[in-house]
Amino acid sequence: MPVEWQPVRQSRTHELVLQSIEERVFAGELRAGDRLPPERELAPVLGVSRSALREALRVLETIGVLVAQPGRGPDAGARIVRNPDDALGRLLRLHFALGSYSLEDVLEARVVLERSSFEAAARHASPDDLDEAEALVVRMGEPDVGVPEFNDLDTRFHVHIARSSGNELTSTLTSAVRESVRPLILRALEEAKDWPATAAALNAEHAELLGLVRAGKGANAADLVERHIRSLHGTLVDEKSDRARGDS
């Protein structure tokens, strides 16, 4: 059934455009994969300028529910998508940098989310899921892996386990929380006095975690991932507290 578009009021125009599009999503008239009409058609139907429409579309793109392809081909135009991971990660990273959340907040959120995801993965992860996780662990154990690549692989491992748990929201939140502190964790790894020993110790825990998930020992995996997170992330919290005391 074609979507019926109605004009919107002119005050705070781009927000009213957002509201109009949101209402159609909530009503089920717009779904992931649907394309919006071209700007030159949609703007007059909504009774707004093309610049106001573009502003609203940019907001939707930023929050991960729309992708805009320039040009005139069959893939050109704005399309509704479901891409929450990048959007939430970017939003949380900015708010963390602005001080909206403390390191302690992020640490405790990671612990809650990852305990849940590892315990659930022990019940629901498929053999293919675990084989993909194992490939990440194997690569992290290679001697030529530097700190930036290790940090990337480490993030992918934890997010992959969350995705294999069967809970998409847990996966999205795990990814967003982990991404919010990626720069801090990278810096902590770069400052390790003995990087090969640090990498080996961290990856030994990754291998043990994966083994527990494969064996269906969810409670044990949950306990280990909490210790794993607190051992590194907790160090960042302690360092911040030490600096705060030194500045006071």
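Leaving aside neighbours within four places in sequence, His-160 is in contact (heavy atoms within 4.5 Å) with Asp-129, Glu-132, Ala-133 and Leu-136. His-160 lies in helix α7. Helices here are DSSP runs of H or I with at least four residues, numbered from the N terminus. The residue counts as buried because its relative accessibility is 14%. Buried means under 20% relative accessible area, exposed means over 50%, and partly exposed lies in between, with a 1.4 Å probe and protein chains only. A polar atom of the His-160 side chain lies 2.8 Å from the backbone oxygen of Asp-129.

This is a predicted model, in which local features need pLDDT of at least 70, side-chain atom pairs count only at pLDDT 80 or more, and totals for chains, interfaces and linings use all residues. Residues are numbered from 1 along each chain as its sequence is written, and side-chain values use heavy atoms, leaving out hydrogens and water.

Now turn to helix α4. It covers residues 84-97. The buried residues of α4 are Asp-85, Ala-87, Gly-89, Leu-92 and Phe-96. They pack against α3, α5, α7, α8 and α9. Just after α4, Gly-99 takes a positive phi of about 90°.

The side chains of Arg-93 and Glu-179 meet at 3.9 Å, N to O. This pair links distant parts of the chain: Arg-93 is in α4, Glu-179 is in α8, and they are 86 residues apart. Arg-93 is partly exposed, at 32%. Glu-179 counts as buried, at 18%.

The structure holds 16 salt bridges. Which residue does Arg-230 meet in one of them? Its partner is Glu-108, at 3.1 Å, N to O. Arg-230 sits in helix α11 and Glu-108 in helix α5, 122 residues apart. Arg-230 is partly exposed at 31%, and Glu-108 is partly exposed at 38%.

Glu-226 forms a salt bridge with Arg-115, the closest N and O atoms being 2.9 Å apart. Here too the pair links α11 and α5, with Glu-226 and Arg-115 111 residues apart.

Terms used. Helix = DSSP H or I, 4+ residues; strand = E, 2+ residues; numbered from the N terminus. Expected span 1.5 Å × (residues − 1). Polar contact = N/O pair within 3.5 Å; in protein donor to acceptor, adjacent residues only side chain to side chain. Salt bridge = Lys/Arg side-chain N within 4 Å of Asp/Glu carboxyl O.
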